[in-house]
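Dear colleague,

I am passing on the structure we spoke about, and below it you will find a summary of what turned up in it. Please have the sequence and the 3D view open while you read.

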Amino acid sequence: MLRAIYPGSFDPVTFGHMDIIRRSSRLVDELIVGVLNNKAKTPLFSVEERVRMLEEVTSDIPNIRIIPFGGLLVDFARRVDAGMVIRGLRAITDFEYELQMAQTNHKMAPELETAFLTTSLEYSYLSSTTVKEVAAFGGDISQFVPVPVADRITEKMKKKESVD
């Protein structure tokens, strides 16, 4: 059985992420979407909120599990018995970073392979950072994220405005 991990912050999950999730779920027996708890970043959503959103927007894909993790990806891969990491690539700049990470992971865990999927052209410009910036200025994000995610971002932005 081929089990793969698609790791990321998913803060928030975008249509670009969903594109990679759907396509990679067809390539493996089980896809684990690993939601990274990155202590170096200040996320808009907690890990628990990101897990819930991903569970909601992937509920129609039967071979997916959403699991939060922290620490090294290779350690997480060993814990869940995954043999592959899936990474999405939007541009050359993504490739340079992702290649370095894949080589580092392979050095630490030679049994772990990395597969790169290029993002569909319609999402090649899209990032979670861009979505948050558009939302912060009251822009329409419905073309970038699933409806339940857009609703939660709008709620978060309203709460932030009332605090500021």
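Predicted model: local features only at pLDDT ≥ 70, side-chain atom pairs only at ≥ 80, totals over all residues.

Is Ser 127 buried or exposed? Since buried means under 20% relative accessible area, Ser 127 counts as buried because its relative accessibility is 17%. Not counting residues up to four places away in sequence, Ser 127 touches Thr 14 and Arg 90.

Thr 14 leads us on to helix H1, because at the start of H1 a side-chain oxygen of Thr 14 reaches to within 3.1 Å of the backbone nitrogen of Gly 16. Helix H1 is largely enclosed by the rest of the structure, because 8 of its 11 residues are buried. Those buried residues are Gly 16, His 17, Met 18, Asp 19, Ile 20, Ile 21, Ser 24 and Ser 25.

One of them, Ile 21, also belongs to the largest nonpolar core, which has 35 residues and in which Ile 21, Leu 31 and Ile 153 have the most contacts. Several elements give two or more residues to this core, among them S1, H1, strand S2 (30–36) and helix H6 (147–163), while the largest share, 5 residues, comes from H2. If its neighbours within four places in sequence are left aside, Ile 21 is in contact with Tyr 6, Leu 31, Val 33, Leu 54, Thr 58, Ile 61 and Ile 64. There is also a second, separate core of 13 residues, which includes Ile 5, Leu 73, Val 80 and Ala 82. As background, in soluble globular proteins nonpolar side chains tend to be buried together.

Finally, there is the largest pocket, whose volume is about 1100 Å³. It is lined by 41 residues, of which Pro 7, Gly 8, Ser 9, Arg 87 and Glu 98 are the closest to its centre. Which element supplies the largest share of the lining of the largest pocket? That element is H4, with 8 residues, although strand S1 (3–8), helix H1 (15–25), strand S4 (84–89) and helix H5 (128–136) are also among the elements that each supply at least two. By class, the lining has 17 nonpolar, 16 polar and 8 charged residues.

With best wishes

Note on methods
Residues numbered from 1 in each chain as written. Heavy atoms only, no water. 1 Å grid on protein atoms, 1.4 Å probe; cavity = no way out; pocket = protein on both sides within 12 Å on 5 of 7 lines; lining within 4 Å. Points joined across faces, edges and corners; volume = space filled by probe spheres on them. Helix = DSSP H or I, 4+ residues; strand = E, 2+ residues; numbered from the N terminus. Nonpolar A, V, L, I, M, F, W, Y, C, P; charged D, E, K, R; others polar. Buried < 20%, exposed > 50% of the residue type's maximum accessible area, 1.4 Å probe, protein only. Polar contact = N/O pair within 3.5 Å; in protein donor to acceptor, adjacent residues only side chain to side chain. Core = buried A, V, L, I, M, F, W, Y, C linked by side-chain atoms within 4.5 Å. Contact = heavy atoms within 4.5 Å.
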